[in-house]
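Please look over the sequence and the model, then read the notes below.

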Amino acid sequence: MGNIMEENFVEITPPEAWNILKQGNAVLVDIRDLIRFQHSHPQDAFHLTNLSYRQFLDKYDYEHSIVVMCYHGISSRNTAQYLVEQGFERVYSVKGGFDAWVKENLPVEY
């Protein structure tokens, strides 16, 4: 049966993600592998992995909006759903992932 009200994440475009981040009280988490993340990532992104999850929880609380990004917008959905299940209320998955972010000329750090 499941819950009557099942909480879900929301899929958004990279420009929508950028607007949410600019409003503050939001964090972009990049779940790509370390080598790719170190090479380039969205500006101010937190590198979220199994190892950094505890640090993430120490730094951000359930009031924060969480924007999840991966390579192409597929695996970020699973992570976004996981974060919803952990109690985060406003979770977003970026459609098209980092590829789409770069194509939209949004800020990247190298």
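This is a predicted model: local features need pLDDT of at least 70, side-chain atom pairs count only at pLDDT 80 or more; totals for chains, interfaces and linings use all residues.

Which elements do the buried residues of helix H1 pack against? They pack against strands E1, E2 (26-30), E5 and E6, and against helix H5 (97-103).

**Helix H1**

- Helix H1 covers residues 14-22, and its buried residues are Pro14, Ala17, Ile20 and Leu21.
- Viewed down the axis of H1, these buried residues fall within an arc of 115°, so they line one face of the helix.
- Gly24, which comes just after H1, has a positive phi of about 85°.

**Strand E6 and its partners**

- Strand E6 spans residues 90-94, and four of its five residues are buried, so the strand is largely enclosed by the rest of the structure.
- Strand E1 (residues 10-12) runs parallel to E6 and is joined to it by three bridges.
- In this pairing, Glu11 is the residue opposite Ser93 of E6.
- Strand E5 (residues 65-69) also pairs with E6 in the parallel sense, over four bridges.
- Ser65 has Arg90 in E6 as its bridge partner.
- Together, E5, helix H4 (residues 75-86) and E6 form a β-α-β unit that is right-handed.

**Salt bridges**

- Two salt bridges are found when the whole structure is searched.
- One of them links Glu11 and Arg77, with the closest N and O atoms 3.0 Å apart.
- Glu11 belongs to strand E1 and Arg77 to helix H4, so this pair ties together parts that lie 66 residues apart in sequence.
- Glu11 is partly exposed, at a relative accessible area of 32%, and Arg77 is also partly exposed, at 35%.
- A salt bridge also joins Asp30 to Arg32, where the closest N and O atoms are 2.8 Å apart.
- Asp30 counts as buried, with 0% relative accessibility, and Arg32 counts as buried too, with 4%.

**Points to keep in view**

- Strand E6 pairs with E1 and with E5, and the buried residues of H1 pack against E1, E5 and E6, among other elements.

How values were computed:
Residues are numbered from 1 along each chain as its sequence is written. Side-chain values use heavy atoms; hydrogens and water are left out. Buried means under 20% relative accessible area, exposed over 50%, partly exposed in between (1.4 Å probe, protein chains only). Helices (H or I, at least four residues) and strands (E, at least two) are DSSP runs, numbered from the N terminus. Two strands pair if DSSP finds at least two bridges between them. A crossover is right-handed if, with the strands pointing away from the viewer, the path from the first strand over the helix to the second runs clockwise. A salt bridge is a side-chain nitrogen of Lys or Arg within 4 Å of a carboxyl oxygen of Asp or Glu. The arc is that of the directions from the helix axis to the C-beta atoms. Contact means heavy atoms within 4.5 Å.
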